[in-house]
Amino acid sequence: MEKFINRRRVLTMGAGLVGAGALAGCVVPASTTSGPGDIVDVAVGAGSFTTLVAAVQAAGLVDTLKSPGPFTVFAPTDDAFAALPAGTVENLLLPENRDQLTSILTYHVAPAFYPASTLSGTRGSIPTVNGQALHIDGRSGVTVENATVINADVNASNGVIHVIDTVLLP
């Protein structure tokens, strides 16, 4: 059965969910932990998110992702962006497409702290900054929509990054 997480409350439908981080059958965001820097600093330092960082800059979201948060970012690698149809990234980076780029990027960000321990062993959805929900399936590894989390729990001072292999499109 699915469980749905909302910023104001957690609703569980059907049987209780179990897994690390579960509380009374529900998965709830945990408190943040400190890391080497904020979400943007960690992404820049990793070296495998140059396209994501350029997109965040083009969309004017740097200050937002440097704010206290907490945030959970499902961060596509440069390879994930490269897998998009030719010209897609270049087109999204054009000033006239800033709203579309912002919508895509904010679809990758949850306005809460969800370490892998709260996602593992569960199935449900979490809200995103753009207002749409991301469907999470942590029953066999962790997938987010059509993307696989390939590296979880890259900690930052204002949240956590989960590295994904596919760009999510709202």
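## Model and confidence

The protein averages a pLDDT of 82, and 79% of the residues score at least 70; pLDDT is the predictor's confidence in each residue, on a scale from 0 to 100. Over residues 1-35 the pLDDT is below 50, and beyond near neighbours in sequence this stretch has 73 contacts in the model. A contact here means heavy atoms within 4.5 Å. Where pLDDT is low, the predicted coordinates should not be read in detail.

This is a predicted model, in which local features need pLDDT of at least 70 and side-chain atom pairs count only at pLDDT 80 or more, while totals for chains, interfaces and linings use all residues. Residues are numbered from 1 along each chain as its sequence is written, and side-chain values use heavy atoms, with hydrogens and water left out.

## The overall picture

Let's start with the whole protein. Its secondary structure comes to 7 helices and 11 strands. Both are DSSP runs numbered from the N terminus: helices are H or I with at least four residues, strands are E with at least two.

Of the 170 residues in the protein, 43% are buried. Buried means under 20% relative accessible area, exposed means over 50%, and partly exposed lies in between (1.4 Å probe, protein chains only). Among contacts with a separation of 6 or more, 61% join residues 24 or more positions apart.

## Two helices that meet

Now look at helix α2 (residues 50-58) and helix α6 (residues 98-106). Two packed helices are described by the angle between their axes and the distance between the axes. For α2 and α6, the angle is about 125° and the axes are 9 Å apart. Such axes are lines fitted to C-alpha atoms, for helices over the stretch in contact, and angles run from 0 to 180 degrees between N-to-C directions. That angle makes α2 oblique to α6: under 35 degrees counts as roughly parallel, over 145 as roughly antiparallel, 65 to 115 as roughly perpendicular and the rest as oblique. Which residues of the two helices meet? L52, A55, V56 and A58 in α2 meet R98, L101 and L105 in α6. The residues of this contact divide into 6 nonpolar, no polar and 1 charged. In this grouping, Ala, Val, Leu, Ile, Met, Phe, Trp, Tyr, Cys and Pro count as nonpolar, Asp, Glu, Lys and Arg as charged, and the others, Gly among them, as polar.

Within α2, the residues T51, L52, V53, A55 and V56 are buried. What covers them includes α1 (39-46), α3 (62-66), β5 (71-76), α4 (78-82), α5 (88-92) and α6. In α6, the buried residues are L101, I104, L105 and T106, and they pack against α2, α5 and β6 (109-110). After α2 comes G60, with a positive phi near 75°.

## Residues that reach across the sequence

I164 and A75 are 89 residues apart in sequence, yet their C-alpha atoms are 5.6 Å apart in space. Not counting residues up to four places away in sequence, I164 touches several others, including F74, A75, H108 and V149.

L134, found in strand β8 (residues 133-137), is also buried, at 0% relative accessibility. Leaving aside neighbours within four places in sequence, the contacts of L134 include F74, Y107, I126 and L168. L169 is in the segment after β11 and counts as exposed, at 52% relative accessibility. Leaving aside neighbours within four places in sequence, L169 is in contact with I104 and Y107.

## Backbone details to look for

The peptide bond from G69 to P70 is cis, with omega near 10°. P70 lies in the loop between α3 and β5.

Where does E145 lie? E145 lies in the loop between β9 (143-144) and β10 (147-156). E145 has a positive phi of about 55° although it is not a glycine, and it is partly exposed, with a relative accessible area of 31%. D153, in strand β10, has a positive phi near 60° and is a residue other than glycine. At 32% relative accessibility, D153 counts as partly exposed.
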